[in-house]
Amino acid sequence: MATLILNLSPKTLRSSFFPSPFPSLSNPRTTATTTLTNQINFTTLRRRRRRRILTVRSSGDRDNNTADGPDRLISAICYFYPFFDGVQYGKYVITQYAPFQVLIQPLVPAIRVFKSFPFNGFLVFLTLYFVVVRNPNFSRYVRFNIMQAIVLDVLLIFPDLLERSFNPRGGLGLDLVMSLDSTVFLFLLICLIYGSSSCLLGQVPRLPIVADAADRQVM
């Protein structure tokens, strides 16, 4: 027995009678494999967590863009505000083309009520902006559409100023004013039809020129 022990190498003796307390450290290949497995698991966990966050954010965006029946109705009605405020720009189109008279005729009582007091437009602006747009209790869908209507109404200042400063009695100047007024009226009418119909269908209308400005105002 003593002869057998003497014939064994020191490394064999050390591994037989004094096993390593850290088996994984005694094998470099095992250590590398364990480290690589941990890295893969950590990367997979991070990807799953990121995917879960993106899913939650996408669900929140869908909730902001959806609207129930009352929100659709309120949003559709708000587009009448800039149209009523700028209906006077259609005086040339309405008098010359009978289809526009038929289209406007059902709205005449509401237009008269809106125009009955000089500050009605300004009061409606203050009410919509401070009571609805700045009120987080309303959905973003309603606040965005109302903000679009407000911005569209504010833009009517420019043709009004141009018409007041440049008021020709005839000739080419009058033709230009008639073309400008008719263009403004048709643009308001298209925005009314497109905005109201989209809201009634539950879609988000984005009007040219005013949509980006409305986005910046609605949080």
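Start by selecting Asp71, which sits in helix α4, residues 69-78. Helices here are DSSP runs of H or I with at least four residues, and strands are E runs of at least two, numbered from the N terminus. Before you click further, know that this is a predicted model: local features need pLDDT of at least 70, side-chain atom pairs count only at pLDDT 80 or more, and totals for chains, interfaces and linings use all residues. Residues are numbered from 1 along each chain as its sequence is written, and side-chain values use heavy atoms, with hydrogens and water left out.

Is Asp71 buried or exposed? Asp71 is buried, yet it has no salt bridge. Buried means under 20% relative accessible area, exposed means over 50%, and partly exposed is in between, using a 1.4 Å probe and protein chains only. A salt bridge is a side-chain nitrogen of Lys or Arg within 4 Å of a carboxyl oxygen of Asp or Glu. The nearest side chain of opposite charge belongs to Arg72, 8.3 Å away. For charge, Lys and Arg count as positive and Asp and Glu as negative, while His and the chain ends are not counted.

Now show what surrounds Asp71. Setting aside neighbours within four places in sequence, Asp71 is in contact with Ser139, Tyr141 and Val142; contact means heavy atoms within 4.5 Å. Look also at the start of α4, where a side-chain oxygen of Asp68 comes to within 3.2 Å of the backbone nitrogen of Asp71. That is a polar contact: a pair of N or O atoms within 3.5 Å where, within protein, one must be able to donate a hydrogen and the other to accept it, and residues adjacent in sequence count only if both atoms are side-chain atoms.

Next, select Ser75, also in helix α4. With a relative accessible area of 0%, Ser75 is buried. A polar atom of the Ser75 side chain lies 2.8 Å from the backbone oxygen of Asp71. Apart from neighbours within four places in sequence, Ser75 touches Tyr141, Val142, Asn145 and Cys199.

Step back to Ala67, in the loop between α3 (28-65) and α4. Ala67 counts as buried, at 17% relative accessibility. Beyond neighbours within four places in sequence, Ala67 is in contact with Arg72 and Tyr141. Now pick Leu201 too: the C-alpha atoms of Ala67 and Leu201 are 9.6 Å apart, although 134 residues separate them along the chain.

**Stop three: the salt bridges**

How many salt bridges does the structure hold? There are six.

Then select Arg206 and Asp212, which meet in a salt bridge of 3.3 Å, N to O. Salt bridges that share partners join Arg140, Arg206, Asp212 and Asp215 into one network.

Move over to Arg164 and Asp160, paired in a salt bridge at 2.9 Å, N to O. They are four residues apart in helix α11 (residues 157-165), about one helical turn. Arg164 is exposed at 65% relative accessibility, while Asp160 is partly exposed at 26%.

**Last stops**

Click on Ile209, in the loop between α12 and α13. Ile209 has a positive phi of about 80°, although it is not a glycine. This residue is exposed, with a relative accessible area of 68%.

Finally, colour residues 113-132, 144-162 and 182-201, which an unreviewed UniProt entry annotates as "transmembrane region". UniProt positions follow the numbering used here, feature names are shortened, and annotations may be inferred rather than shown by experiment. Residues 144-162 are 89% helix and 0% strand, with end C-alpha atoms 29 Å apart. For residues 182-201, the span is 95% helix and 0% strand, and the end C-alpha atoms lie 28 Å apart.
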